[in-house]
Amino acid sequence: MGMCRPQGPNHDAPGIPPSPSGGGQGWEPANPKQPSRQDAGAPGPHPNLSPELARLEELPGWANTVIGDLLSEVTRLDERITEYDRHIALMARHSTQAQQLMQLGGIGQTTAMALISTVGNGHDFACGRSFSAWLGLVPGQYSSGGKQRLGRITKAGDAYLRSLLVMGARAVLAAAMNTRTPKQDPISRWARSLAERRGYWRAVVAIAAKNARMCWAVLQRGEAFKMPA
């Protein structure tokens with residue numbers, strides 16, 4: 001006569017977890033739902049987040065933890081960028097060269113300090129056109145059958161400086177083409193006429209190239225530089 005295996009909460013088969021209910025009806029799987037950030041002891045959403053990001057707690061399971069950590073890292077990066085922007089503004093206020101550059105349209109604190117830190121006094125360039133060519137703001141030349149054709153800009157050199165100058169040029173053109181109060185200085189009138197004749201983007205590149213040449217002149221000549229009439 002074989003032995004009968006006793007049944008009960010303390011006599012489950014080896015290797016099988018006891019039932020959470022304590023009964024002898026067999027093992028039931030636990031709730032597969034992952035704990036929330038509060039259950040896991042993780043911090044809640046940042047108090048300065050937008051209403052959309054404040055709904056972070058609605059994300060299921062560990063997605064809540066992962067997305068929350070990523071958002072916290074983005075917030076820290078934003079704070080560091082803001083701090084560095086303050087440093088750049090402070091340096092620009094105490095730099096004579098930066099103040100001279102910022103008198104040009106489309107040249108702000110960041111662009112001025114980037115130009116100074118990259119090219120210094122501009123002594124490495126023979127002229128403003130050389131500097132503009134180094135930035136990739138001049139059209140490429142193609143010769144065929146004794147004829148020269150101008151193509152797109154070369155986009156050579158420092159891409160960061162070139163992008164700053166292009167963004168500044170867009171601001172100059174936007175101010176020049178403002179329908180309510182368009183600027184009437186010589187540069188704005190030239191930019192507006194160029195955009196009407198050659199189109200928006202060609203005008204932007206031309207303004208950026210002109211600004212690059214004037215920036216070189218400011219860095220090279222300092223106080224002796226005079227704005228074109």
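The model is predicted, so local features need pLDDT of at least 70 and side-chain atom pairs count only at pLDDT 80 or more, while totals for chains, interfaces and linings use all residues. Residues are numbered from 1 along each chain as its sequence is written, and side-chain values use heavy atoms, with hydrogens and water left out.

The chain contains seven helices and two strands. Helices (H or I, at least four residues) and strands (E, at least two) are DSSP runs, numbered from the N terminus. Their order along the sequence is α-α-α-α-β-β-α-α-α. The chain has 229 residues, and 28% of them are buried. Buried means under 20% relative accessible area, exposed means over 50%, and partly exposed lies in between (1.4 Å probe, protein chains only). The accessible surface is about 15500 Å². Carbon and sulfur atoms hold 56% of that surface. Areas come from the Shrake-Rupley method with a 1.4 Å probe; for residues, only the protein chains shown count as cover. Contacts (heavy atoms within 4.5 Å) were also counted. Of those with a separation of 6 or more, 45% join residues 24 or more positions apart.

Helix α5 covers residues 159-176. Its 18 residues should span 26 Å at 1.5 Å a residue, and its end C-alpha atoms are 26 Å apart, which agrees. The expected span is 1.5 Å times one less than the number of residues. Asp158 caps the N-terminal end of α5. A side-chain oxygen of Asp158 lies 2.9 Å from the backbone nitrogen of Tyr160. The buried residues of α5 include Leu161, Leu164, Leu165, Val172 and Leu173. Arg162 is also among them. The buried residues of α5 pack against α3 (109-119), α4 (128-134), α6 (186-198) and α7 (200-221). Ser188 belongs to helix α6. Ser188 counts as buried, because its relative accessibility is 3%. Beyond its neighbours within four places in sequence, Ser188 is in contact with Ala176 and Lys183. Ala176 is one of the buried residues of α5.

Helix α1 spans residues 61-93 and includes Leu70. Leu70 is exposed, because its relative accessible area is 51%. Thr75 is buried, because its relative accessible area is 18%. A polar atom of the Thr75 side chain lies 2.9 Å from the backbone oxygen of Leu71.

The whole structure has one salt bridge. A salt bridge is a side-chain nitrogen of Lys or Arg within 4 Å of a carboxyl oxygen of Asp or Glu. Side chains of opposite charge can pair when their charged atoms come close. Here the side chains of Arg76 and Glu73 meet at 2.5 Å, N to O. The two residues are three apart in helix α1, so about one helical turn separates them. Arg76 is partly exposed, with a relative accessible area of 44%. Glu73 is partly exposed at 36% relative accessibility.

Thr96 lies in helix α2 (residues 96-101). Thr96 counts as exposed at 53% relative accessibility. Thr96 and Gly222 are 126 residues apart in sequence, but their C-alpha atoms are 8.9 Å apart in space.

Methods: A polar contact is a pair of N or O atoms within 3.5 Å; within protein, one must be able to donate a hydrogen and the other to accept it, and residues adjacent in sequence count only if both atoms are side-chain atoms.
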